[in-house]
2 protein chains.
Amino acid sequence: MSMNGAESLVHTLLASGIDTCFANPGTSEMHFVAALDRIAGMRCVLGLFEGVVTGAADGYARMAGKPAATLLHCGPGLANGLANLHNGRRAHTMMVNCVGDQATYHRPLDAPLTADTEGFARGVSGWVRTASHAGTVGQDAAVAAQAAMTMPGTIATLILPSDTCWDDGGVVAAPLPVPVAQAAEPGAVSHVARILRRGEKVAIVLGNSALRAAPLALAHAIAKATGAAIMAQTSNARIERGAGRHAIDRIPYPVDQAVAYMAGVKHVILVGAKKPVGFFAYPNKPGHMYPADAEVHVLARMEHDLPATLQALAAELGAAPVAPVSGSRGEAARGAVTSDGLGASLSALLPEGAIVADESVSFGRGLYPGTHHAAPHDWIQLTGGAIGEGMPLATGAAVACPDRRVVTLQADGSAMYTVQALWTQARERLDVTTVILANRKYAILLGELAGVGANPGRVALDMMDLGNPDLDWVKIAGGMGVEAAKATTMEEFNDLFVAANKRKGPFVIELVI
Amino acid sequence: MSMNGAESLVHTLLASGIDTCFANPGTSEMHFVAALDRIAGMRCVLGLFEGVVTGAADGYARMAGKPAATLLHCGPGLANGLANLHNGRRAHTMMVNCVGDQATYHRPLDAPLTADTEGFARGVSGWVRTASHAGTVGQDAAVAAQAAMTMPGTIATLILPSDTCWDDGGVVAAPLPVPVAQAAEPGAVSHVARILRRGEKVAIVLGNSALRAAPLALAHAIAKATGAAIMAQTSNARIERGAGRHAIDRIPYPVDQAVAYMAGVKHVILVGAKKPVGFFAYPNKPGHMYPADAEVHVLARMEHDLPATLQALAAELGAAPVAPVSGSRGEAARGAVTSDGLGASLSALLPEGAIVADESVSFGRGLYPGTHHAAPHDWIQLTGGAIGEGMPLATGAAVACPDRRVVTLQADGSAMYTVQALWTQARERLDVTTVILANRKYAILLGELAGVGANPGRVALDMMDLGNPDLDWVKIAGGMGVEAAKATTMEEFNDLFVAANKRKGPFVIELVI
């Protein structure tokens, strides 16, 4: 069968198991769009800004366990998606990031939209290729899918000059084998077991696929058997948690708290995690969160099979399974809106099987600790610190898991970056409840400014103030087709939250904090 | 006086004549914010998304004739601003683009927000430097300002690791001299004069600073004296036009129209313009808009003094001044909303001295031709094809020119990319009337899809449809503090437009088309 490059691309993606495409196409992608139209099987989800597209593809992959494709327009379209690709890179998200571009022979003419597409892609991608002609686009797509899915997962960016899509001669490529993740070397397991047996203070830091329910149970068994402390990284792609599962604390975000949390530790053992460091440097504060005299050991890197490695370590230590600590979901909070109160209400009211997309920033620091005993759920989180991913992440998670409720905990300043995500939620009738934490300021920055010893004046305060004029989230959401309501007390929040989670489709709660 | 690096930066920018800063700061910029707070003289304008910040800085510089500074946060914050920096690059906009970043000694720890900041900057900047220590930040800023202001203007990106801002030892640098633009070489002038005297069909293509009123008058004199056709590039940073000025047509955007427009041309003479090429390649269509056998001559490059060069050419040719063609502003249109009708109403009703920010895309193609005889105004336009600049451009122009009305002609799909600009307009009480051209689709793409011969099905149509659900611009604007109203007839539009232009502060008209 004769086909063009774009058709070979779509067929190859489908053959590689990629059946969802988040898209914001432009002129140079029309043949790609036409191919998506002609070939059945690819669900296309439109975003009205590329940051929505890439953040949704990230959220989708975290929950689906396989990559989505994207469809972006030229260098500037890719640029608009970079911040959430950065977050996806930090989450080791699988993604086949397709970027249309100028025809190979038109690029030298330096038309207005011509930009350094590869250059923009490189900083966020584990794999970048620009297709050279239609006949090899299928093969390019198969390699991209393989690269994306190879543990620990990466963003594979495939740039498609428009003539490589419209020219005939496309050939569908068979899926390429994806290497199976291996457990860490036995030597690493026995080394770590020896450290753990010494009785010195040990912190086991878990990341990536070690944060699912089964490996967390193993980590708890190891902790019980050895006295080691276990903890998750500060920012994590996905944690399985809630009632009946083993709770895990995260290393705190503020440097002073993180340093206190890890004080006295003699050995840091990394399990699919990176060395704990501060998000930022501060004058006269350390960069590493663990003591300067601690030794760091790598049990397994993130590309390893972390559950199998923890199983091997538990076996080596003879660690017996332990039951999760049980606790009550508690009662929803009443009265004034506080971070702890919101944590209590979420704990009491979170639906079974929910997915929580967390970009709650400063106000939200009580929400994760407060929900260890909520109904079982997944917690997905901003991983790269580039704000503006909460609502896109939720959008993609909802596409991946249509039978589960998604709850977005969303700081208001950050929400503005990718506010267009609400429209996609309305368009696709996604079951997302968005809680906008409306403090009408960049609250985290006020804390940071105080931290640098500044006594802020009007200019500085103005640069952290979203309150002149107030953003009205009921109107903004309504303007994009999402029903919304405002809550100013915990009782109002509780009622709206329960009602929102029962309905089909999206709802926004503006929680004035 | 002892000062830190950030303070030396602010003092040096002020000394270089840069007194306006569009900002979206983060944690690593707190010392910069504190310095802006302590040092009088810098107007700081907050944007709630970096694309607003960079687009506003672009609009400011086009109208102020000098650069603004920006303040962005780390690699991902820069990434969010890249699309409009791309547009600014294509407009040869002067800008000192300041990007905070990880402290020099923290960068190797690869904290979550760490990204390839320089790599992101390079594709959009004519000058990039990462500051190395506080003692040289002042000098870095002076060089950046010089680079930005050297003709034809460029984006100078200065990356500021946070320790270079907070460390003591800052030294204010004196402003550096900016080279004065020179007229083109006499040889080029006499060569072009010889071509023009031959009587062959010539197209003089004007760009950049040749599109102000005085050089346009000279170009018309040359055209009258020689029979040459004169035309502007398709996309231009700023055109001075309207009643009492010499009108200039632009090369059409659609390839077929552009080719027809330049048919038969034997010589293309570039005056601060690039060779006319299509925005995109299309199968079996040419990339250059002029005939394959035409000769291309460069009278002057964009860094030349274009008015002086045109003056020299007019003198060489003995071309006498010609009066502008006079015409009536005409009557505002009535009845159904059409592109020509909107052009007529704009012609009749545009306020004296208005600044028109044009991102009207497909529906707007009648608006520029229809307004040659409107009250005198400036027309500023999307130059790089990266949609999402109209409202930010207007925001910056309004900051630059507080005594003039700004009118934004804004396609709805494009408006969504940087919708946060409306909040800044409300915050700063800017005199901006935004006309949202609400066709609820990516209309240009429907045309492009038809152009590739596809008979679109549901999937393709869905990817070009903004109508499910409809965006409600009255609510969206209201949610950001900007009053708004909807018009569905030209009469309703006319009334709203006149009223909006008389009020202080911003207003949004959703024009349903």
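Visitor: What percentage of the 513 residues of chain A count as buried?
Guide: This is a predicted model, and burial is judged by neighbours: a residue is buried if 20 or more other C-beta atoms lie within 10 Å of its own. Of the 513 residues of chain A, the share that counts as buried is 65%.

Visitor: Which radius of gyration does chain A have, and why does that agree with a compact globule?
Guide: The C-alpha atoms of chain A fill a box of roughly 65 × 60 × 45 Å along the principal axes. A compact globule with 513 residues would have a radius of gyration near 24 Å, so chain A agrees with this, at 24 Å.

Visitor: Which residue just after α3(B) takes a positive phi?
Guide: Just after α3(B), a positive phi of about 70 degrees is taken by B:G65.

Visitor: Which residue stands opposite B:T433 of strand β15(B)?
Guide: Strand β15(B), residues 432-438, has seven of seven residues buried, so it is largely enclosed by the rest of the structure. In the parallel sense, six bridges pair β15(B) with strand β14(B), where B:L409 stands opposite B:V435. Six bridges also join β15(B) to strand β17(B), again running parallel. In β17(B), the residue opposite B:T433 is B:F507.

How values were computed
Residues numbered from 1 in each chain as written. Chains lettered and ligands numbered in written order. Predicted model: local features only at pLDDT ≥ 70, side-chain atom pairs only at ≥ 80, totals over all residues. Rg over C-alpha atoms; globule rule 2.2 N^0.38 Å. Buried ≥ 20, exposed ≤ 12 C-beta atoms within 10 Å, placed from the backbone. Helix = DSSP H or I, 4+ residues; strand = E, 2+ residues; numbered from the N terminus. Pairing = 2+ DSSP bridges.
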